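This briefing is meant to be read with the sequence and the model side by side. Please look at both before going on to the notes below.

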Amino acid sequence: MAALLATFAFIVTPATTAFAACPEVGQVSYSFSSVTTSKILSNLRSDYLAGPGTITYTKTTTGQVSASMTATVSAEAGIVFAKASASIGVTVGASWSKSDTWSYSKPVPAGKTARLVMWHESRKFVVKKTQIVAPCNVKTVYTETVNAPLTSNINVWDLQYL
């Protein structure tokens with residue numbers, strides 16, 4: 001019986017020492033790379049017009065866009081966008097919306113059919129989530145590409161051709 005207890009004590013002691021040697025086990029971190037300026041198509045668009053002519057869009061409504069991301073990132077969107085904003089130098093979010101009176105005109109060239117659309121500025125980036133696991137290793141939880149709208153009101157109107 002004493003030999004059994006001694007063996008058991010020997011097995012437990014190194015495991016306790018291993019955890020004490022790596023108190024970071026369980027820590028999570030996020031890194032952001034491949035950041036580029038991008039745009040997301042909003043819900044604001046005119047009817048199509050066959051050129052030549054000028055399209056004028058004037059409407060009081062709410063412009064909206066949503067981030068493009070996987071369900072994995074969406075589950076922790078608040079954390080990801082807060083950390084991304086701090087890392088990439090602009091504030092991004094899961095969505096953007098603004099109620100306003102929108103008014104814009106643009107000529108459609110002869111022989112073309114187009115409509116006016118509003119794009120909202122965004123940042124496309126790769127987010128990598130890692131976690132420290134026992135004994136003291138870095139495990140990649142996921143690496144995903146996200147296209148997130150800026151929370152500021154930066155929009156571009158352009159023609160979208162058929």
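Rings of Phe, Tyr and Trp (its six-membered ring) count as a pair if their centres lie within 6.5 Å. By that rule the structure, which is a predicted model, holds four aromatic pairs, and it also holds one disulfide. The points below take up the aromatic rings, then the disulfide, and then two further residues.

**Aromatic rings**

- A pair of aromatic rings is described by the distance of the centres and the angle of the planes.
- One of the four aromatic pairs is formed by F32 and F125, whose ring centres are 5.6 Å apart and whose planes stand at 75° to each other, and this pair is edge-to-face.
- Because F32 belongs to strand β1 and F125 to strand β5, the pair ties together parts of the chain that are 93 residues apart in sequence.
- Are F32 and F125 buried or exposed? F32 has a relative accessible area of 16% and is buried, and F125, with a relative accessible area of 1%, is buried as well.
- Why is the pair of Y104 and W157 described as stacked? The ring centres of Y104 and W157 are 5.9 Å apart and the planes lie at 10°, and planes under 30 degrees apart count as stacked, so the pair falls under that description.
- Y104 is in strand β4 (residues 95-108) and W157 is in strand β7 (residues 155-161), so this pair ties together parts that are 53 residues apart in sequence.
- Y104 counts as partly exposed, at 31% relative accessibility, whereas W157 is buried, with a relative accessible area of 10%.
- Ring pairs also link Y57 with Y104 and W157, and these residues make up a cluster.
- A charged side chain can sit over a ring too: K39 lies over the face of W119, at 4.6 Å from the centre of the ring.

**The disulfide**

- A disulfide is a covalent bond between the sulfur atoms of two cysteines.
- Here the disulfide joins C22 to C136, with a distance of 2.0 Å from S to S.
- The torsion about the S-S bond of C22 and C136 is about 65°, and the disulfide is therefore right-handed.
- C22 is found in the loop between α1 (2-21) and β1 (28-45), while C136 is found in the loop between β5 (113-133) and β6 (137-149), so the pair ties together parts that are 114 residues apart in sequence.
- Of these cysteines, C22 is buried, with a relative accessible area of 3%, but C136 is partly exposed, with a relative accessible area of 43%.

**S99 and its contacts**

- S99 is part of strand β4, and at 55% relative accessibility S99 counts as exposed.
- Although S99 and T61 are 38 residues apart in sequence, their C-alpha atoms are 5.5 Å apart in space.
- When residues up to four places away in sequence are not counted, S99 touches T61 and T62, and the side chains of S99 and T62 are joined by a polar contact of 2.6 Å.

**E76 and its contacts**

- E76 is located in the loop between α2 (71-74) and α3 (77-88), and at 16% relative accessibility E76 counts as buried.
- Which residues is E76 in contact with, leaving aside its neighbours within four places in sequence? They are Y30, K129 and Y142.

How values were computed. Residues are numbered from 1 along each chain as its sequence is written. This is a predicted model: local features need pLDDT of at least 70, side-chain atom pairs count only at pLDDT 80 or more; totals for chains, interfaces and linings use all residues. Side-chain values use heavy atoms; hydrogens and water are left out. A disulfide is a pair of cysteine sulfur atoms within 2.5 Å. Helices (H or I, at least four residues) and strands (E, at least two) are DSSP runs, numbered from the N terminus. Buried means under 20% relative accessible area, exposed over 50%, partly exposed in between (1.4 Å probe, protein chains only). Rings of Phe, Tyr and Trp (its six-membered ring) pair if their centres lie within 6.5 Å; planes under 30 degrees apart count as stacked, over 60 as edge-to-face and the rest as tilted. A charge sits over a ring if NZ of Lys or CZ of Arg is within 6 Å of the ring centre and within 35 degrees of the ring normal. Contact means heavy atoms within 4.5 Å. A polar contact is a pair of N or O atoms within 3.5 Å; within protein, one must be able to donate a hydrogen and the other to accept it, and residues adjacent in sequence count only if both atoms are side-chain atoms.
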